[in-house]
Amino acid sequence: MSSGLTIAVPRGALFGGALDLLDALGIETGEVRSNDRRLLFEDAGIVTMRPSDVPTYVEHGSADIGITGKDVLLEQSHRNVYELLDLGFGRCRMVVAAAEGGDPIGSALRRLGRVRIATKYPRIADRHFSQTGRQAEIVEVKGSVELAPLTGLVDGIVDLTATGTTLAENGLRVVEEIEVSTARLIANPVAHKLKAEQIDAIVERVRAR
Amino acid sequence: MRKPRSGAGQPAPSRTTPIPPGTRDVLPDEMRELRAISGRMRTTFEQAGYGEVHTPALEYEDVLRRGEERAAGARYRTFDEQGAVLALRSDMTIPIARVVATRYAEVDPPLRFCYFAHAWRATERGVGEPREFLQGGLELIGPSAPEGEAEVLELTIAALDAAGLRRHRVGVGDGSLYRRLLEALDVPAERHMPLLECLSRRDLVGLETHVSALGETSERERELLVRLPELRGGREVLERADGPVADAVQGLRALHELLAERGVADRVIFDLGLVRELGYYTGAVFEVYDPAVGFALGGGGRYDDLLGRFGRALPACGMALDVKRVHMAQAAEEALG
């Protein structure tokens, strides 16, 4: 069954949870599960993409609704989309981490007046340090952020962690928690008005779960 | 190192001369279509008695600030030879309010004006976001609610019909509704801001979180605060909103009756969660949609206090459409068939 809506579904860590949710809503996901490389599933009204692209497709109306992490929404806070529901799954934490032993962040601030932070989330990192009254130089990286403090590129990192295992394996520890993130249901602002019935039907069914 | 040779399949070396971010050049094919659309909208407005006006692109910054504090905020500014601060206007509503108070100071209302003019806004958005907009709109000065709203909405719908759109709808809400609900429920004033900010950011999850932290309200009241922004649709949503918001909704009911008389009620979506960012709106607010595109085509509302700030207190309301977005919607509708 299709919902009469186009739904943006994130591949990656939220993929399983998102498909389970759609199953529970009676939306056919078998084809999506069995097809690793296809991106567009017209019969089911599903498009798959990386989580950070979901707000883009939803804002432009290429998808009516979508599922993505709160971390993505915080990083792209300028996106004009409705945040309708906290879906509860995909729980993880946005944290500041630094090398175990010593206090590299505190000592950089004390002696150099600023701290260097590597992250894939430059807006969240910048906001967090400026809101806590500390001067930070944000270094944006695309790959494994854990590498940056180990090589002396930065004093600490801002990153998402679910279990903390990767941090620990690289000799890093969490020093501050910025935000807890879970999956969210978002909607295009025009679809929210013009397809109100279909969207409300989904919201009601998720709430009743 | 050898220079790459340009040839078949190779782009020519860059010789582009830049223009400021958010601006663009319009070439003849597009210009012809934009002209056709604005021409048909203009004819609709003029036949209804709305004379076209033009005002300077540059205004004194403090004049814009008198209209709305934020309208004079982050934007393009310059100085004249006297050292006065000039700013590019961010909409046409404030300049027309100035015109009405100074050039029509003795003329009895109602006054009707339309315009097709550029406005400039600085955005914090990504690359390529427009900062220069061609707006086509109208202002109706004199009539109060709901007669003014009904006329503006009917004309907006007619102008978009003339522009070639078929599926457009106008969302209508009341910008003061949520604030009044908070007051009616005795929510302490210092708690209002976070709730209104969530509403304006369309963050309904944040809204629910802030509402559940309001200790001194009943469960029914909290339900009302969370569910109000979800009420949108035809006249039936006005029936569902009662209790403390009944008064505000009464105004929208009266508007619905007038729209039904004008035969356009089915083109309007009542949206009790609708808010507009500009601070001068005092009552009804509008937003224009087309299902073929994912963004609003324009918006407007009632601004009964604005003209008073320029020395002539008169009720007024208006609408501004982004002509380029109307064009995009028209092209998308055409493609859908």
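A nonpolar core is a set of buried Ala, Val, Leu, Ile, Met, Phe, Trp, Tyr and Cys residues joined through C-beta atoms within 7 Å; a residue is buried if 20 or more other C-beta atoms, placed from the backbone, lie within 10 Å of its own, exposed if 12 or fewer, and partly exposed in between. The model is predicted, so that local features need pLDDT of at least 70 and side-chain atom pairs count only at pLDDT 80 or more, while totals for chains, interfaces and linings use all residues. Residues are numbered from 1 along each chain as its sequence is written, and chains are lettered from A and ligands numbered from 1 in the order in which they are written.

The largest nonpolar core holds 117 residues, of which A:A8, A:V58, A:I65, A:A187 and B:L138 touch the most other members. Helix α4 of chain B (residues 147-162) gives this core its largest share, seven residues; helices (H or I, at least four residues) and strands (E, at least two) are DSSP runs numbered from the N terminus. Another core, of 25 residues, lies apart and includes A:V95 and A:I178.

Beyond four places in sequence, the contacts of A:V58 (C-beta atoms within 7 Å) include A:A8, A:I65, A:V81 and A:A187.

In chain B, all five residues of strand β11 (residues 298-302) are buried. B:G298, B:G300 and B:R302 point one way, and B:G299 and B:G301 the other. Strands pair if DSSP finds at least two bridges between them; the pairings of β11(B) are tabulated below.

| Partner strand | Bridges to β11(B) | Direction |
|---|---|---|
| β10(B), residues 284-289 | four bridges | antiparallel |
| β12(B), residues 316-322 | five bridges | antiparallel |

B:V288 stands opposite B:G298, and B:G318 in β12(B) is the bridge partner of B:G301.

Notes:
Two residues are in contact if their C-beta atoms, placed from the backbone, lie within 7 Å.
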